[in-house]
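Reader: I'd like to talk through this model with you, going from one spot to the next. Could we settle a term before we get to the residues?

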Amino acid sequence: MSPTAHNRVEVLHGVNLDALGRRSPEHYGTLTLAELQTQIKRYGRELDLEVAFFQTNNEGEYVERLHRLPEVADAALLNPGAWTHYSWAIRDALEIAGLPAVEVHLSDVGEREDWRRLSVLEGLVLRTVSGKGPEGYREALEVLRRELGS
Ligand code: DQA
C-alpha cells in the first residue's frame, strides 16, 4: 500500500475497555479486548484499511493521543467508554485532531441508564454505532472507508 493511500484508521478504546471479558456480558459480550481487536483487524483487512489500536485508562493520555493522531492516522474510531458521557476535554481534543471519526459502543447506550444517553462527541462524529457488539466496529469502518475514498 502506498504511503498516500489514506487508509490508516486508529481505534481508540478508553477507560475500562481493557477489562472486556470480565465486564457484564449482557452488555459487552464475552470477548476480551485482544480478541475484539483481532476481529476489528480482520474487518479492516476486508475493507483494505490499515488498523492500529490504542487503549488507556488515563484521560490525559487519551487526549494526548488525539493531539498526535493526525501524524499517524487518516481517521479515528472512538469508543471512549464512560468518558463518552462527560469528558468535554476529549471532545475538544477530537476537534483539534480534525480527522473524520466514528463513535462505537458495544452496548446500546440509549437503552440503559439516563446518564449514558449524553455523548460529548455528538455533532463531531460522522456516525454513532451503538448496541451492535463487535459488528458495530465493522459498520464504523465501512463509514470511514467511504469517507476516505477507495
Ligand atoms: C461503552 C458504553 C459506556 O457507557 C460504558 O461506560 C463503557 C462501554 C460501550 O462500549 O458500550 O465503558 O462505551
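Author: Let us begin with the word contact, which here means heavy atoms within 4.5 Å. Please also keep in mind that this is a predicted model.

Reader: Is Trp88 buried, partly exposed or exposed?

Author: Its relative accessible area is 48%, so Trp88 is partly exposed; the exposed class begins over 50%.

Reader: You mentioned Leu121. Which side chain reaches its backbone nitrogen?

Author: That is the side chain of Ser119, which reaches the backbone nitrogen of Leu121 at 3.1 Å. Ser119 is found in the loop between β4 (101-105) and β5 (127-130), and leaving aside neighbours within four places in sequence, Ser119 is in contact with Thr84 and Glu103.

Reader: Why does Ser119 count as buried?

Author: Buried means under 20% relative accessible area, and Ser119 is buried because its relative accessible area is 14%.

Reader: Switching to the ligand. Where does it sit, and which residues surround it?

Author: The ligand sits in the largest pocket. Around the ligand are Arg23, Tyr28, Asn79, Gly81, Ala82, His85, His105, Leu106, Ser107, Val109 and Arg116.

Reader: What about the oxygen atoms of the ligand, which side-chain atoms lie 2.6 Å and 2.8 Å away?

Author: A polar side-chain atom of Ser107 lies 2.6 Å from an oxygen atom of the ligand, and a polar side-chain atom of Arg116 lies 2.8 Å from an oxygen atom of the ligand. The backbone takes part in this list as well, since a polar backbone atom of Leu106 is 2.8 Å from an oxygen atom of the ligand.

Reader: How much of the ligand does the protein bury?

Author: Taken alone, the ligand exposes 320 Å², and the protein buries 99% of that.

Reader: What does Ala140 touch, and is Ala140 buried or exposed?

Author: Not counting residues up to four places away in sequence, Ala140 touches Leu77, Val102, Val104 and Val129. Its relative accessible area is 0%, so Ala140 is buried.

Reader: New topic: what is the phi of His6?

Author: Phi of His6 is near 55°, a positive value in a residue other than glycine. For background, most residues other than glycine have a negative phi. Asp48, in the loop between α2 (33-46) and β2 (50-55), also has a positive phi, near 60°.

Reader: Where is His6 placed, and how accessible is His6?

Author: His6 is in the segment before β1 (8-15), and at 46% relative accessibility His6 counts as partly exposed. For Asp48 the relative accessibility is 41%, so Asp48 counts as partly exposed too.

Reader: What does His6 touch, not counting residues up to four places away in sequence?

Author: With those residues left out, His6 touches Asp74, Arg145 and Leu148. Between His6 and Asp74 there is a polar contact from side chain to side chain, at 3.5 Å.

Reader: Let's finish with Asp74, then. Where is Asp74, and is Asp74 buried or exposed?

Author: Asp74 has its place in the loop between α3 (59-72) and β3 (75-81), and since its relative accessibility is 12%, Asp74 counts as buried.

Reader: Which backbone nitrogen lies 3.0 Å from a polar atom of the side chain of Asp74?

Author: That is the backbone nitrogen of Asn7. Leaving aside neighbours within four places in sequence, the residues in contact with Asp74 are His6, Asn7, Arg8, Leu99, Pro100 and Leu148.

Conventions:
Residues numbered from 1 in each chain as written. Predicted model: local features only at pLDDT ≥ 70, side-chain atom pairs only at ≥ 80, totals over all residues. Heavy atoms only, no water. Helix = DSSP H or I, 4+ residues; strand = E, 2+ residues; numbered from the N terminus. Buried < 20%, exposed > 50% of the residue type's maximum accessible area, 1.4 Å probe, protein only. Polar contact = N/O pair within 3.5 Å; in protein donor to acceptor, adjacent residues only side chain to side chain. Near = heavy atom within 4 Å. Areas by Shrake-Rupley, 256 points an atom, 1.4 Å probe, with all protein chains shown as cover. 1 Å grid on protein atoms, 1.4 Å probe; cavity = no way out; pocket = protein on both sides within 12 Å on 5 of 7 lines; lining within 4 Å. Sits in = over half its atoms within 2 Å of the grid points.
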